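This report describes the fold and selected local features of one protein. The sequence and coordinates are shown first, and the discussion follows.

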Amino acid sequence: MRHVTGFRPLSLGCGVLALGMFLYANGAAAVGTGANDAVVNPNATVATSATITLLGTMGGPPLDIHSERAESSTLLTVGDHQYLIDAGTGVTRRLMKYGLPPYKVNRIFITHNHLDHTAGLVSLLAESWFNGWYYHDPLYMDRSTQKPFTTIYGPPDTQGLFDGAMQFLSVSAHIFNADDTGAGTMKPPSHVFGVHTVIAHDEPVTFYDDGAVKVTAVENNHFGDPEPERLREAGSFSYSYRFDTPAGSIVFTGDTGPSENVTKLATGADVLVAEVLDFDLMLNPKVSREGVGVSKAPNKEQIRHHMLHQHLSPQAVGEMAKKAGVKTVLLYHVVPGDAPLTYGVDYVTAVKKYFSGTVLFGHDLTQYTLVKK
Ligand SMILES: [Zn+2]
Ligand SMILES: [Zn+2]
């Protein structure tokens, strides 16, 4: 760890020590082993820490590509395993900031298929596919096996995203394999990557267990409560995920409104990584361009309803954290995403009115490590 600045130890209370904020000027990240997923591994390393790396904390539509925030994506590192939650624009470049080649990230969890969570996925897979071949990883070159090396987990409509990504990659793969550059040594992308559909509704469902980490999903209400039938038919659900690690439990809300399902999922968690939206700030044209668009939209009342009921205000974050009994709240997916970062202190103060635990405002490229005592 080099050039560590901004370290400040924080007490998360019983059973868990934690940790603090490590800001790396020169990234130094753990690198995954490439072990495959969805298999209980009895030899998994028992990790005593779990590190959350905020790769992108910008929520909402990409009206501006922000110089300080990438779109929503978060890396969770447990031992030598990497877990990526969402893949918004900028994710590949952010990973490289930590010296982590994309092909080392082989467990990707999509909360829902809004573009601010998925627009970086194809470029991530493209770089992963090419990296794996370039570094002669056997799993990227052994054309005799179709076993996926990297798996994307998500709601049913993730399959469509995956199929489109494979189609996109296959065009370039065909050229490389047909000419002297790849000379037939590059494994087809569809044999490297796989997709796993997660089905979850009101009750938490554990769908992933690699022997070190369990992942549990629940449907939240980001798309409505009840969700419109036309979305349900398309398998467009929005999930929140809980990662139970040897160092503690971490819940990522993804995008959601106040939700009993998410509160249940987060009950007793050590860290609630929560989206946050300030609607008044969003409507201030001096602060955000998002509000300008909303105020002119023909369906502005529907958008207003969505923002107020299918996202989390600071008050809603605080109330959920209190009810779930979590120890720490880490704010990410900040909306309006194009507001100056100096507004962060207001989010923290607003959440603290309703929650007495620790509240942290997440900045891009900041790491938080949870350490088991
Ligand atoms: Zn979002
Ligand atoms: Zn969304």
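**Terms and overall composition**

Two residues are taken to be in contact if their C-beta atoms, placed from the backbone, lie within 7 Å. The structure under discussion is a predicted model.

The protein contains 13 helices and 16 strands. Of its 373 residues, 47% are buried. Among contacts between residues at least 6 apart in sequence, 71% join residues at least 24 apart.

**The seven-stranded sheet**

An open sheet is built from 7 strands in the order S9-S10-S11-S12-S13-S14-S15, and its pairing is mixed. Strand S9 (205-209) and strand S15 (358-361) form the edges, each pairing on one side only. On average, neighbouring strands of this sheet are turned by 25° against each other, with direction ignored.

Within the sheet, strand S10 (residues 214-219) and strand S11 (residues 239-245) run antiparallel and are joined by 6 bridges. In this pairing, lysine 214 stands opposite aspartate 244 of S11. Helix H12 (residues 314-324) lies across strand S13 (271-277) and strand S14 (328-335), and its direction is at about 160° to that of S13.

**Leucine 272 in strand S13**

Strand S13 includes leucine 272. This residue counts as buried because it has 30 C-beta neighbours inside 10 Å. Neighbours within four places in sequence aside, leucine 272 is in contact with Val251, Ala266, Ala321, Ala324, Val326 and Val329.

Leucine 272 and threonine 328 are separated by 56 residues in sequence, yet their C-alpha atoms are 6.2 Å apart in space.

**Packing of helices H3 and H5**

Helix H3 (residues 121-134) and helix H5 (residues 158-178) have axes that come within 10 Å and cross at roughly 50°. H3 is therefore oblique to H5. The crossing of the two helices is right-handed.

On the H3 side, the contact is made by Leu121, Val122, Leu125, Ala126 and Trp129, while H5 contributes Leu161, Ala165, Phe168 and Leu169. Classified by type, the contact of H3 with H5 has 9 nonpolar residues, no polar residues and no charged residues.

**A buried lysine in a loop**

Lysine 104 belongs to the loop between helix H1 (91-97) and strand S6 (107-109). With 22 C-beta neighbours inside 10 Å, lysine 104 counts as buried. Its C-alpha atom is 10.0 Å from that of tyrosine 83, a residue 21 places away in sequence.

**Backbone geometry in the loops**

Most residues other than glycine have a negative phi, and most peptide bonds are trans. Several loop positions in this model depart from that pattern, as set out below. The peptide bond from aspartate 225 to proline 226 is cis, with omega near 5°; proline 226 is placed in the loop between S10 and helix H7 (229-233). A cis peptide bond also joins valine 335 and proline 336, where omega is about 5°, and proline 336 is placed in the loop between S14 and helix H13 (344-352).

Aspartate 86 has a positive phi of about 70° although it is not a glycine. Aspartate 86 lies in the loop between strand S5 (81-85) and H1, and is buried, with 29 other C-beta atoms within 10 Å. Leucine 365 also has a positive phi, near 60°. Leucine 365 is situated in the loop between S15 and strand S16 (366-372), and counts as partly exposed because it has 19 C-beta neighbours inside 10 Å.

Terms used:
Residues are numbered from 1 along each chain as its sequence is written. Chains are lettered from A and ligands numbered from 1 in the order in which they are written. This is a predicted model: local features need pLDDT of at least 70, side-chain atom pairs count only at pLDDT 80 or more; totals for chains, interfaces and linings use all residues. Two strands pair if DSSP finds at least two bridges between them. Helices (H or I, at least four residues) and strands (E, at least two) are DSSP runs, numbered from the N terminus. Axes are lines fitted to C-alpha atoms, for helices over the stretch in contact, and angles run from 0 to 180 degrees between N-to-C directions. Angles under 35 degrees count as roughly parallel, over 145 as roughly antiparallel, 65 to 115 as roughly perpendicular and the rest as oblique. A crossing is left-handed if the near helix is turned anticlockwise from the far one by less than a right angle, and right-handed if clockwise. Ala, Val, Leu, Ile, Met, Phe, Trp, Tyr, Cys and Pro count as nonpolar, Asp, Glu, Lys and Arg as charged, and the others, Gly among them, as polar. A residue is buried if 20 or more other C-beta atoms lie within 10 Å of its own, exposed if 12 or fewer, and partly exposed in between; C-beta atoms are placed from the backbone.
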